[in-house]
Amino acid sequence: MYRAFLFQDEDAHRPAQLADSADDCVKAAVARLIDLSLLTPSRESPGGLRAVDPSRGMRVLLQQEQHELARREHRIKHNTTMLDALASEYAAVRRQAHSDGVERLYGADHISTRLEALAESCRHESLAFYLEPPAHPADPADPADPADPADRQTDEPGQAAVPPRLYEQALARGARLRSIYHDGIVRDDATRSHALWTVEHRGEVRTAPSLPMGLLIVDTTAAAVGGLPGEDPESVLLFSGKPVVLAVRALFEAYWDHSDRFPCDDFGEAQADEVTPQERKLLELLAEGLTDGAVARALGISVRTERRKVAELMDRLGVSSRFAAGVQATRRRWI
């Protein structure tokens with residue numbers, strides 16, 4: 001369009017036709033050229049337009065760009081200063097809030113913000129106790145999927161409200177993800193969906209008849225605990241002192257060693273052919289010829305539970321006697 005006005009000697013009527021055109025695109029282009037000072041009112045033809053000399057026109061454009069660049073640099077510096085000030089203030093508040101190695105988190109948003117930051121910092125391992133069906137907040141970077149547990153919300157502060165995307169990133173960094181669910185929630189749809197999602201992403205899942213609290217541990221740096229007796233039920237305690245975190249990890253490991261494989265047929269053959277440490281120990285004790293009562297005492301469980309576990313193992317091994325179970329377990333290198 002600019003060339004048509006600039007080289008009007010080639011077609012003296014062309015500029016006038018363009019200036020009077022009813023075409024919206026043409027009118028918009030003419031208006032833009034006037035705005036850029038590349039077209040100016042004609043002195044020879046009142047009401048007409050003429051092109052400005054390219055050298056002068058480009059200088060005007062460059063000056064406009066320089067002014068805009070200066071404004072952008074000013075905005076960037078201003079925003080950077082504001083963000084630095086906010087970050088410093090936020091860090092100071094956090095230091096004050098948990099100067100004793102304990103930070104008290106209140107409200108779903110506050111809890112989610114801190115737990116998401118923990119998940120992003122995970123480099124080696126994430127451990128969790130689930131007292132209630134796990135749920136995640138809406139994650140704009142990970143659109144809701146009806147089959148994904150990210151759809152569900154929960155009011156239980158002891159559960160990890162962390163978007164699956166952050167767990168995926170941690171797993172991609174080589175982190176290990178282990179979770180223990182309370183037996184009372186294993187039939188919940190959200191629990192089963194979350195367990196399947198975890199296993200499909202190379203995580204590990206088990207269940208336990210009782211859990212002392214809701215828990216999320218990240219590496220050896222932090223432990224978020226909810227549902228403790230005497231604490232506000234709508235709050236979470238975030239421990240950052242290493243001795244406390246290590247003690248809580250030891251508690252998790254004790255429960256992990258005595259927990260059961262998640263009862264889900266959808267886990268596939270890879271896990272169907274595995275045994276938990278407790279199941280392995282049970283098989284070893286049976287192989288020694290101990291009675292049900294002696295095995296139960298050694299495992300710290302009731303005789304009824306021990307017999308149930310034996311029956312489940314025999315069913316998985318496809319045998320009808322304990323002797324055959326020992327033979328099959330040996331062949332599978334379970335013991």
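## Helices H10 and H12

Helix H10 (residues 277–287) packs against helix H12 (residues 303–317) at an angle of about 95°, with their axes 11 Å apart. The two helices are therefore roughly perpendicular to each other, a label for angles of 65 to 115 degrees. Axes are lines fitted to C-alpha atoms, for helices over the stretch in contact, and angles run from 0 to 180 degrees between N-to-C directions.

Gln278, Glu279, Leu282, Leu283 and Leu286 in H10 meet Glu306, Lys309, Val310, Leu313 and Arg316 in H12. Contact means heavy atoms within 4.5 Å.

## Basis of the model

This is a predicted model: local features need pLDDT of at least 70, side-chain atom pairs count only at pLDDT 80 or more, and totals for chains, interfaces and linings use all residues. Residues are numbered from 1 along each chain as its sequence is written, and side-chain values use heavy atoms, leaving out hydrogens and water.

## The sheet

The order S3-S9-S8-S7-S4-S5-S6-S10 describes an open sheet of 8 strands with mixed pairing. Its edge strands, S3 (102–106) and S10 (260–261), each pair on one side only. Pairing requires at least two DSSP bridges between two strands.

S8 (residues 222–226) and S9 (residues 235–239) run antiparallel, joined by 4 bridges. Ala224 stands opposite Leu238 in S9.

## Helix H6

H6 (residues 164–172) has Pro164, Leu166, Tyr167, Ala170 and Leu171 buried (under 20% relative accessible area, 1.4 Å probe, protein chains only). Seen down the axis, these buried residues fall within an arc of 160°, so they line one face of the helix. Their cover includes helix H5 (108–121) and strand S4 (125–130). Gly174 follows H6, with a positive phi near 95°.

How values were computed. Buried < 20%, exposed > 50% of the residue type's maximum accessible area, 1.4 Å probe, protein only. Arc of directions from axis to C-beta. Parallel < 35°, antiparallel > 145°, perpendicular 65-115°, else oblique.
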